[in-house]
Amino acid sequence: MSKEQEQCFLEARAFIAKNNLDPVRKLDDYDVLRFCRARKFDLPLVQVMLENYAKWRVDFKVENIERTMEFPELPEVLKCFNFAYHGVDKEGCPIHIECSGMITQALWRVTTVERMHRYMVVHHENQMNFRFPAACEAAGKRVETQIIINDLAGITMSTADRNVY
């Protein structure tokens with residue numbers, strides 16, 4: 001990391017603390033660095049992104065979503081859109097497989113877009129709170145990425161419908 005990048009990182013970390021953007025202390029140095037990288041170490045853009053992220057977590061009630069969301073339709077959803085983890089690659093990164101080609105209007109007969117979105121947030125929180133820490137421990141190093149295999153079998157130009165997705 002260059003001196004300028006390090007300065008941006010340190011200022012972003014101070015900005016988080018000053019503005020109480022991480023009250024439950026979920027953001028570690030690696031996370032803050034991800035925000036910096038995502039905005040090419042442009043501090044004002046990093047700050048906006050951090051503020052938007054913190055606001056979204058509050059507005060979406062992310063801190064309680066794992067404990068409060070019930071998703072009884074999951075077995076039916078998985079018949080229409082199967083997704084799961086399948087071990088790790090040789091670097092220790094989790095492998096996530098999604099069968100997006102299975103998605104049809106049937107999915108929206110068993111759940112709604114809003115509920116599916118909320119469930120995906122639960123899925124992501126579970127990944128960040130449990131799967132990545134376990135992958136780090138197993139690999140003996142920091143694991144920051146995952147491999148996503150998106151199986152598009154069944155999707156063609158003639159069957160692609162923006163209303164399905």
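Contact here means heavy atoms within 4.5 Å. Leaving aside neighbours within four places in sequence, Val32 touches Phe9, Ala12, Arg13, Ile16 and Leu27. The model is predicted, with local features needing pLDDT of at least 70 and side-chain atom pairs counting only at pLDDT 80 or more, while totals for chains, interfaces and linings use all residues. Residues are numbered from 1 along each chain as its sequence is written, and side-chain values use heavy atoms, with hydrogens and water left out.

**Overall fold**

The protein chain has seven helices and three strands; helices (H or I, at least four residues) and strands (E, at least two) are DSSP runs, numbered from the N terminus. Their order from the N terminus is α-α-α-α-α-β-β-α-α-β. The C-alpha trace spans about 50 × 40 × 35 Å along its principal axes. Of 165 residues, 33% count as buried, a class defined as under 20% relative accessible area, with exposed over 50% and partly exposed in between (1.4 Å probe, protein chains only). Among contacts with a separation of 6 or more, 66% are between residues 24 or more positions apart.

**Nonpolar cores**

A nonpolar core is a set of buried Ala, Val, Leu, Ile, Met, Phe, Trp, Tyr and Cys residues joined through side-chain atoms within 4.5 Å.

| Core | Size | Residues named |
|---|---|---|
| Largest | 16 residues | Ala12, Val32, Cys36, Val46 and Leu50 (most contacts inside the core) |

In the largest core, at least two residues each come from helix 1 (3-18), helix 2 (29-38) and helix 3 (43-59). Helix 1 gives the largest share, five residues.

**Helix 2 and helix 3**

The axes of helix 2 and helix 3 come within 9 Å and cross at roughly 125°; axes are lines fitted to C-alpha atoms, for helices over the stretch in contact, and angles run from 0 to 180 degrees between N-to-C directions. Helix 2 is therefore oblique to helix 3, as angles under 35 degrees count as roughly parallel, over 145 as roughly antiparallel, 65 to 115 as roughly perpendicular and the rest as oblique. On the helix 2 side, Phe35, Cys36 and Ala38 meet Val46, Met49, Leu50 and Tyr53 of helix 3.

**Ser100**

Ser100 sits in the loop between strand 2 (94-98) and helix 6 (105-110). Its relative accessibility is 10%, so Ser100 counts as buried.
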